[in-house]
Amino acid sequence: MTADPLPVISCRGLTKNYGRHRALSGVDLTVAEGDVFGFLGPNGAGKTTTIRILLDLIRRDAGEVTLLGGEPRRDGVRLRRDIGYLPGELPMTSRRPAREMLSFLGHLRGGVDRREIEILAERFALDLDRPVRGLSKGNKQKVGLVQAFMHRPRLLILDEPTSGLDPLLQQEFLNLVREVRDDGRTVFMSSHVLSEVQDVADEAAIIRAGRIVALEDMDDLRARALRRVTLAFAEPVDAAEFAGLEHVRDASVEGRTLTCTVEGSPDALVKQAAAHTVTGLTSEEPDLEELFFTHYNNGDAARREEGSDAHA
Ligand SMILES: Nc1ncnc2c1ncn2[C@@H]1O[C@H](COP(=O)(O)OP(=O)(O)OP(=O)(O)O)[C@@H](O)[C@H]1O
């Protein structure tokens, strides 16, 4: 075992106001080297604002930031080489082909192996010969991802990276994130959907109304995750059979369909269901809001604070 390395991202007390609107109220974050860190929160919670402050694209009103041992305001040039950044909204108005734009960006970062661009483009099924301007939203997102990964940065900061990607490419993206982690590099990625980060993240912070309201080890969060499960049977079943099962709540039956909530392992439910002929199964994840309000005692407090902030 080695001693804990210095965090790759550390921020303390980040505060940001847009006019009279307080977007961040004292955000603290610590991201360890080699981790995949999910930054989760509903729309408008402050994810993009935090990321832009980390990268010194906007100024904070208060707080401290350290990134890869440097200070974003002072060490911007070095940090840009060591960081891959995918913005939430990509300005892509160039008439030039994606290949040229990516090579140009590569030069700005001190040179990028062209093969790396080709390999990434192939993985994301991106046609490098098409002009950037005419690309669809999904293809623009692919260009954004290629430019974030292509110089093999030590730290990737990705704002809603899977937005606009179809499910197959989302999986490819997650594979890439795993490879980066296996390489000992670090990924910080935001999302408003837990499912997008839950398979890959080691840790997650949940931000709400400009405050970090939870910091979670993902293994714990996964173990507690709620699912709404619907099972269809060939014959009518009795709700009582399922009501007392471990990790099963709110079981109700209508005709041949059982709906219930599973918190944690669905093992007991699956074994009980197997006593019957199962004709259908759906399992839905709750959205982040639901998970948040179900699991965190401070949920009501956060909701109240948000309400009072909104009137501030
Ligand atoms: N330039 C701006 N001027 C005024 N208010 C802003 C500005 N940028 C963001 N805000 C507000 O600050 C809050 C945080 O916004 P931010 O974009 O950081 O949230 P987010 O979590 O990234 O959400 P989203 O996923 O919708 O982008 C929101 O209430 C937003 O309306």
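A nonpolar core is a set of buried Ala, Val, Leu, Ile, Met, Phe, Trp, Tyr and Cys residues joined through C-beta atoms within 7 Å; a residue is buried if 20 or more other C-beta atoms, placed from the backbone, lie within 10 Å of its own. The structure is a predicted model, in which local features need pLDDT of at least 70, side-chain atom pairs count only at pLDDT 80 or more, and totals for chains, interfaces and linings use all residues. Residue numbers start from 1 along each chain as its sequence is written.

The largest nonpolar core holds 62 residues, of which Val146, Leu156, Ile157, Val187, Phe188 and Ala204 touch the most other members. Leaving aside residues up to four places away in sequence, Ala204 touches Phe37, Gly38, Leu40, Val197, Glu216, Met218 and Leu221 (contact: C-beta atoms, placed from the backbone, within 7 Å). A separate second core has 11 residues, including Val229, Ala251, Leu269 and Ala273.

The domain assignment, automatic or from a database, divides the protein chain into domain 1 (7–217) and domain 2 (226–284). The centres of domain 1 and domain 2, taken over C-alpha atoms, are separated by 39 Å.

The ligand is surrounded by 13 residues, the closest being Tyr18, Asn43, Lys47, Thr48 and Thr49 (C-beta atom, placed from the backbone, within 6 Å of the molecule). Both β2 (21–31) and α1 (47–54) supply at least two residues of this shell, and α1 gives the most, with 3 residues (DSSP runs, helices being H or I of at least four residues and strands E of at least two, numbered from the N terminus).

Technical notes
Buried ≥ 20, exposed ≤ 12 C-beta atoms within 10 Å, placed from the backbone. Contact = placed C-beta atoms within 7 Å.
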